[in-house]
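Biologist: I am new to this structure and would like a close look at one part of it. Please pick a place to start and walk me through it.

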Amino acid sequence: MNEREQELKNKIDPENIPHHVAIIMDGNGRWAAEKGLPRHEGHRQGVETVRSTVRNSSDLGIGILTLFAFSTENWQRPVREVNYLMSLPEKYFQTELPELMRNNVRVRLIGDSKRLPRKVQKAVNDGAEKTKNNTGMVLNFALNYGSRAEILMAVNKMIEDAASGRLKGKINENIFSSYLYTAGLPDPDLLIRTSGEQRISNFLLWQLAYSELWFTDVYWPDFSMFHLLVAVDGYQQRKRRFGKI
Ligand code: V0D
């Protein structure tokens with residue numbers, strides 16, 4: 001950690017770290033375009049930022065990190081770009097599995113993974129399987145994820161379960177949550193979106209109902225420990241302000 005980061009770190013209350021942080025990792029393409037590089041270079045650098053952010057989040061004591069890696073809308077990108085993106089999960093585990101094990105990180109997936117290419121399904125299932133007994137931070141990758149589709153999937157499952165008698169009576173918030181991909185996980189305390197856009201973009205619509213939203217202009221490949229600490233500090237300041245009222 002550099003001096004600027006250490007200074008911020010000292011400001012942060014270790015008792016009040018957001019337990020669940022979700023991130024919309026935006027701006028890889030713009031980062032590459034500004035440097036005159038092809039888009040895939042932005043994605044490649046984006047994976048490096050995933051690596052460092054996983055380590056930094058775990059070091060900070062964040063309990064759950066949820067990363068929006070690929071949305072159901074991302075299929076509309078050029079085929080070559082989609083193909084490149086689909087190679088990333090396998091590459092990620094090839095290089096990162098030892099460190100994930102060392103840091104005791106458990107990988108989980110949210111989204112409609114059944115509709116991903118076979119080799120991607122295998123890579124992510126293997127990664128989740130190999131890390132399933134780790135007891136440290138939960139690293140949740142949202143892959144082929146869309147929140148409205150998730151809500152409809154949940155509704156349709158509830159209809160099915162009601163018809164077969166497995167689900168009885170009125171549906172409350174807890175029952176509804178248990179039908180979502182995020183079943184068993186607490187809602188995010190903090191959502192971070194990089195690259196200047198201030199939208200939720202069909203990400204965790206139900207789960208973000210009470211979350212603090214933090215937007216930064218920094219492109220995802222440039223997102224560092226410093227920016228994570230700024231976001232956590234901002235989160236803590238907002239919480240403190242609430243406490244005073
Ligand atoms: C590119 C920025 C890690 C966003 C981050 C398939 C776009 C880097 C993964 C990954 C992507 C996903 C699941 C998993 C392990 C790793 C990833 C995609 C894109 C889309 F189990 N980075 N990453 N997946 N990028």
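Modeller: Gladly! A helix here is a DSSP run of H or I with at least four residues, a strand is a run of E with at least two, and both are numbered from the N terminus. Keep in mind that this is a predicted model. Let's start with the largest pocket, which holds about 750 Å³ of space. Its lining has 33 residues, and those closest to the centre are Met25, Asn28, Phe68, Ala69 and Phe70. Helix 3 contributes the most to this lining, with five residues. Among the other elements that each supply at least two residues are helix 2 (28-34), strand 2 (64-71) and strand 4. Sorted by class, the lining counts 19 nonpolar, eight polar and six charged residues.

Helix 7 runs over residues 147-163 and spans 24 Å from its first C-alpha to its last, close to the 24 Å expected for its 17 residues. Its buried residues include Ser147, Glu150, Ala154, Met158 and Asp161. They lie on the same side of helix 7 because they cover an arc of only 75° around the axis. Just after helix 7 comes Gly165, with a positive phi of about 85°.

Definitions and conventions
Residues numbered from 1 in each chain as written. Predicted model: local features only at pLDDT ≥ 70, side-chain atom pairs only at ≥ 80, totals over all residues. Heavy atoms only, no water. Expected span 1.5 Å × (residues − 1). Buried < 20%, exposed > 50% of the residue type's maximum accessible area, 1.4 Å probe, protein only. Arc of directions from axis to C-beta. 1 Å grid on protein atoms, 1.4 Å probe; cavity = no way out; pocket = protein on both sides within 12 Å on 5 of 7 lines; lining within 4 Å. Points joined across faces, edges and corners; volume = space filled by probe spheres on them. Nonpolar A, V, L, I, M, F, W, Y, C, P; charged D, E, K, R; others polar.
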